[in-house]
Amino acid sequence: MNRAVIATLFLLLSAGTARAQVPVKERQFVYGINAFAWEGYVGSLSARPPHTIYVLAGHRSIVSARETLVYFWPITGEYRADWSGLNASVDGTLEVLQAGRAVTVLLRQPYVIQYPNGPDSGLAVLYVGEEAARRYRAFVEARDQYRDALARYLEARRRYLEALDRAAAARQRGVTVTLPPAPEEPGQFRLFSSDVHDGFLINLPQGHYAIRVRGPDGRVVAGSQRTLVAFTHRREAVGFTIVPQTRWTVPERADEPGSTIYARRDQVLYFQPYAAREYNDLAYARLVNPQSAEGRSDGWRWEYSQSLVEDRLQLAGASGVQTVTGRPYRVEQKTGEALGYEVIEPPAGQTSDFSGFKVQVQGTLNLALLDAAGRPVPGSERIVRVPRLGTAWPLGVIPLLPLTLGAAVVAWRREQLGRTQRTREA
Amino acid sequence: MGVVAGVRDATRIRSAWILSGRPTAAMIRLDLFSTFTALAPYAVVAVAAALAGFVLQNDLHRVQEDGLLVIGDPFAVSLYGGVLLLSVYLAASAAMAVAREREQGTVELLSYGPVSAFSYLLAKFTSHVLQYMFLVVLLLGSYLLLAVATGLHLRGTTLLAMALSIGPAAAAAALGLLVAALMRRVRPTILAVLGLALGTVGLQVAREVLVRLPAPEFHVNPVQVLRWAAVAVSSITQWLLPFGYVDRELSVMLRGDLAGALSVTVAACVYAAVVLALAAAGLDRTGIRR
């Protein structure tokens with residue numbers, strides 16, 4: 001009896017689990033978004049229930065009207081699209097309204113996003129219209145050429161290895177054989193491209209907008225209304241990523257122009273400068289992922305737009321003013337029993353791990369990035385200070401000073417009162 | 001004619017000063033003397049300086065251990081804690097002074113002379129604002145010593161923020177007077193002032209914690225409801241209670257926005273004036289007797 005109950009319970013539980021693993025999919029109108037961000041174009045989804053779409057003002061982003069199967073994925077708490085199940089383009093034009101008035105009407109156009117240095121590199125380029133088709137064709141041709149070149153290289157390498165084997169065998173027989181030249185490997189193919197899709201190209205000035213799709217029949221497509229926020233940066237500056245030699249895996253960021261850098265004396269720091277822009281935290285978090293639960297509406301964050309390591313860094317300290325140039329550096333694990341690593345300039349032919357400006361901290365330093373004309377780049381000035389790391393007892397004594405003063409005043413007052421009382425009694 | 005009118009005006013001002021100003025000035029002097037010769041204000045500054053010492057020691061430890069520390073202002077947290085502590089002390093001290101004198105019958109005694117409820121409260125208010133200035137100078141001295149001892153930089157914005165914190169502190173003193181004017185006894189008055197201060201700070205902390213918790217925009221969940229409630233209530237209390245002015249003034253000034261900090265200080269001063277007038281009306285209404 002008990003076994004039967006347990007078996008039934010098990011079956012019921014497993015049935016429930018099986019049901020939970022298959023999310024309910026709903027056919028919906030959605031916007032596929034390819035928003036410009038400084039780390040590259042970020043793809044996201046705006047499904048129902050509708051939420052605000054954020055884009056960077058003055059930069060080109062793509063919004064595509066689609067029909068797909070939407071399901072809720074409880075593990076991440078996000079709505080997702082089953083593009084392989086359904087990915088239908090929705091005909092019509094995109095109306096952009098501001099304060100109830102139409103700002104612009106956008107037509108669908110083909111686009112492609114390409115990454116010249118590979119999909120993981122930040123640099124992404126958006127091509128639209130005829131240029132998109134041309135760029136995509138060029139990508140396919142280049143990819144085919146690379147594939148053919150790679151096949152030829154592999155074949156040549158196979159022959160070369162066979163020739164090496166034959167040469168080794170001949171040498172064993174005492175015959176001298178001239179080795180064929182080794183085949184040259186084709187250069188790495190980094191270019192990456194998306195397929196050609198169609199969407200609406202959005203490039204709006206800062207502001208709050210409403211968007212909707214109007215179908216060919218003249219009616220607004222149901223579920224296509226969204227709020228769109230085009231936001232921009234509050235401040236621009238030069239941000240620094242600072243890599244301490246003693247723990248290069250944990251760099252610190254000095255983005256705020258008013259921030260001070262405190263370091264131990266003799267500490268070696270590597271400064272990596274970036275052009276930085278300060279954005280609203282919530283807006284940028286929702287730009288990267290419109291369904292994100294992160295971000296604060298009253299918070300701000302710095303985003304790096306490009307590396308400035310090609311410039312020069314000016315250091316002004318007690319020993320005078322000097323200029324440092326950015327160099328590539330390599331991190332090498334120390335051999336032997338002692339753990340650790342050292343940062344060195346890479347020997348010729350070896351790759352580097354990072355590039356930056358090497359600064360040895362000896363005392364207070366004023367540093368600033370210099371542009372090509374030798375002028376300090378605005379917002380790049382920082383101060384490096386060396387705090388006193390000696391004894392901690394003054395920090396305990398100083399708070400006692402006001403108390404001592406108070407005690408002295410109280411004692412004086414009591415003395416005064418006592419004297420007055422004695423005078424009266426006398 | 002003009003000369004005669006001028007002489008009449010001068011005589012009127014002089015007589016008004018003799019009738020009302022002199023007693024007020026005397027009360028200010030007396031209050032200042034009694035507070036400066038008590039240990040409590042010095043102890044509050046010592047606690048604020050100890051807090052700064054603890055925070056700075058933590059920063060130095062990070063530099064020692066990690067070799068690197070990037071920080072906007074090492075004194076920012078200490079300054080916020082210190083100014084808040086002084087403001088709460090000032091509100092409690094002002095409230096206690098009035099409630100105690102009322103309980104002891106001193107206020108009633110004063111009212112038989114040329115002292116109105118307003119001039120009495122104005123004297124208390126002025127003496128406490130002057131007391132705050134003195135305490136801020138003491139705290140600044142402690143910060144300067146700490147800066148020298150640690151090598152951590154005390155920025156100009158910190159000094160300006162301390163100077164401008166007089167506005168929020170005046171608002172805190174005015175609130176303490178209002179509470180004392182509305183409540184007769186010492187203990188409930190002190191508890192009310194401390195409750196308002198702790199409530200404001202607690203709400204602020206809750207708000208900061210809740211806005212950091214992730215909550216999707218399109219899901220109604222408990223975090224979102226609590227966050228909304230905390231933001232809504234704190235957005236009211238930050239204008240209704242003076243301790244919110246401390247937070248706003250310091251955060252704006254430490255960001256380097258002098259105009260914004262000045263506007264917050266002016267708003268705090270207006271708040272203090274309005275609350276002081278309300279306190280005088282309240283004292284008139286509740287009566288001067290024990």
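1. Ground rules. The model is predicted, with local features needing pLDDT of at least 70, side-chain atom pairs counting only at pLDDT 80 or more, and totals for chains, interfaces and linings using all residues. Residues are numbered from 1 along each chain as its sequence is written, and chains are lettered from A and ligands numbered from 1 in the order in which they are written.

2. Overall build of chain A. You get five helices and 25 strands here (DSSP runs numbered from the N terminus: H or I of at least four residues for helices, E of at least two for strands). Chain A is more spread out than a compact globule, because its radius of gyration is 33 Å, well over the 22 Å that the globule rule gives for 426 residues (taken over C-alpha atoms; the rule is 2.2 Å times the number of residues to the power 0.38). Along the principal axes, the C-alpha atoms fill a box of roughly 115 × 85 × 75 Å.

3. Burial and contacts. In chain A, 25% of the 426 residues count as buried (20 or more other C-beta atoms within 10 Å of a residue's own; exposed means 12 or fewer, partly exposed in between, with C-beta atoms placed from the backbone). Of the chain A contacts with a separation of 6 or more, 63% link residues 24 or more positions apart (a contact means C-beta atoms, placed from the backbone, within 7 Å).

4. Domains of chain A. The assignment gives domain 1 (24-232), domain 2 (235-385) and domain 3 (398-425); such bounds come from an automatic or database domain assignment. The C-alpha centres of domains 1 and 2 lie 31 Å apart, and 17 residues of domain 1 touch 12 residues of domain 2. On the domain 1 side, β3(A) gives the most, with four residues. That side divides into 12 nonpolar, four polar and one charged (nonpolar: Ala, Val, Leu, Ile, Met, Phe, Trp, Tyr, Cys and Pro; charged: Asp, Glu, Lys and Arg; polar: the others, Gly among them).

5. Around β6(A). Strand β6 (residues 93-98) pairs antiparallel with β12 (residues 207-214) over five bridges, and A:Glu95 stands opposite A:Arg212. Pairing takes at least two DSSP bridges between the strands. β6(A) also pairs antiparallel with β7 (residues 101-106) over five bridges, with A:Leu97 and A:Ala102 as bridge partners. Their hairpin has two residues between the strands, and A:Ala99 there takes a positive phi near 55 degrees.

6. A loop residue. A:Arg219 sits in the loop between β12 and β13 of chain A. Buried or exposed? A:Arg219 counts as exposed, because it has 10 C-beta neighbours inside 10 Å. Its C-alpha atom is 9.4 Å from that of A:Gly92, 127 residues away along the chain.

7. A helix check in chain B. Helix α5 (residues 117-150) has 34 residues, so it should span 50 Å at 1.5 Å a residue, and its end C-alpha atoms are 48 Å apart, which agrees. The expected span is 1.5 Å times one less than the number of residues. Just after α5(B), B:Gly151 takes a positive phi of about 80 degrees.

Methods:
Contact = placed C-beta atoms within 7 Å.
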